[in-house]
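User: I have a model open and a few quick questions about it. Can we start with one residue and then go to the whole chain?

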Amino acid sequence: MHLADKVALVTGAAQGIGRAFAQALLEKGCKVALVDLNVEVGKTCKDALDKQFDAQRTIFVPCDISNEEKLKDAFKKIVHHFGQLDILVNNAGVNNENNWELTIQTNLISLIRGTYLGLEYMKTENGGTGGAIVNIASLAGLMPAPHQPVYSASKHGVVGFTRSIAMASSVGKYGVRINAICPGFVNTPILQSIDKEENMGQYSAYKENIRDMMKFYGILDPQLIAEGLIKLLEDDKLNGEIMKITTNQGIHFHEYSPLPFHSKMQ
Ligand SMILES: NC(=O)c1ccc[n+]([C@@H]2O[C@H](COP(=O)([O-])OP(=O)(O)OC[C@H]3O[C@@H](n4cnc5c(N)ncnc54)[C@H](O)[C@@H]3O)[C@@H](O)[C@H]2O)c1
């Protein structure tokens with residue numbers, strides 16, 4: 001996909017990885033809708049981007065993605081504002097083992113809802129012009145995370161959903177490519193949640209162990225995750241791929257065994 005003048009919607013865009021995504025998409029000439037529930041940080045992000053890019057190229061839309069009606073309204077507002085939707089990045093996520101239902105709701109249920117809404121607008125059969133969806137999972141979606149079992153479950157869900165819906169898109173000729181990114185630890189505010197009992201609940205006692213894991217695996221820069229996003233968006237051959245980003249191997253793809261029956265379906 002040639003990114004200049006494409007319209008992208010990024011959830012959780014106010015800070016961290018989402019903000020790096022917004023920056024990278026703007027640098028490629030996209031128009032970007034910044035969706036986030038944190039109004040204060042969202043406005044600060046928009047103000048900072050306005051200093052670098054034409055203010056008309058971004059819109060900040062405050063929205064709690066876990067609220068179905070508000071999410072629908074946000075999509076509607078963005079498509080009305082920019083006249084189209086070409087790229088959806090389902091990035092917003094939380095790390096909360098204490099309120100684990102919130103983790104499933106935000107990281108998985110709302111991401112699925114976002115994907116379905118995105119498809120409604122982008123699918124060629126609905127009159128859309130096609131596009132690309134990128135879901136943000138985690139390495140914890142491919143391997144166990146002993147201190148974050150529900151976070152890990154939510155991210156395994158994102159990986160399974162992404163691979164399956166990508167295949168549905170290919171079989172149904174939606175014209176939309178759907179891929180996921182699984183980063184290792186990334187230097188963003190979410191890492192602070194590891195120190196908070198209100199987030200970690202019963203796993204708080206093991207925080208030193210998580211710190212040791214971080215030291216072992218290292219911590220990535222959000223810009224590298226944004227590089228991975230751009231690669232997934234620009235390469236039209238990629239659909240149903242699970243991109244991994246790690247300190248020792250950089251940007252690469254998870255390799256799965258072939259699926260002989262499924263490959264006949266595509
Ligand atoms: N930082 C890491 O180590 C890491 C590693 C792998 C995957 N991830 C994933 O990357 C994504 C981005 O994480 P991050 O590290 O930038 O975290 P972050 O906490 O810095 O940013 C997340 C953003 O999402 C927003 N958000 C949270 N819940 C929301 C909701 N219900 N509605 C709208 N916005 C909401 C927050 O306000 C925040 O701006 C998440 O899905 C996270 O699970 C992060």
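Analyst: Lys 46 lies in helix H2, which covers residues 39-52; helices are DSSP runs of H or I with at least four residues, strands are E runs of at least two, and both are numbered from the N terminus. This is a predicted model, where local features need pLDDT of at least 70, side-chain atom pairs count only at pLDDT 80 or more, and totals for chains, interfaces and linings use all residues. Residues are numbered from 1 along each chain as its sequence is written, and side-chain values use heavy atoms, with hydrogens and water left out.

User: Is Lys 46 buried or exposed?

Analyst: Lys 46 is buried, because its relative accessible area is 15% (buried is under 20%, exposed over 50%, partly exposed in between, with a 1.4 Å probe and protein chains only).

User: What is Lys 46 in contact with, leaving aside neighbours within four places in sequence?

Analyst: Leu 34, Ala 55, Thr 58 and Phe 60 are in contact with Lys 46, contact being heavy atoms within 4.5 Å.

User: Now the whole protein. How many helices and strands?

Analyst: There are nine helices and eight strands.

User: And how much of the protein is buried?

Analyst: Buried residues are 51% of the 266.

User: What share of contacts comes from residues 24 or more positions apart?

Analyst: Such pairs account for 71% of the contacts with a separation of 6 or more.

User: What does the C-alpha trace span?

Analyst: Along its principal axes, about 50 × 50 × 35 Å.
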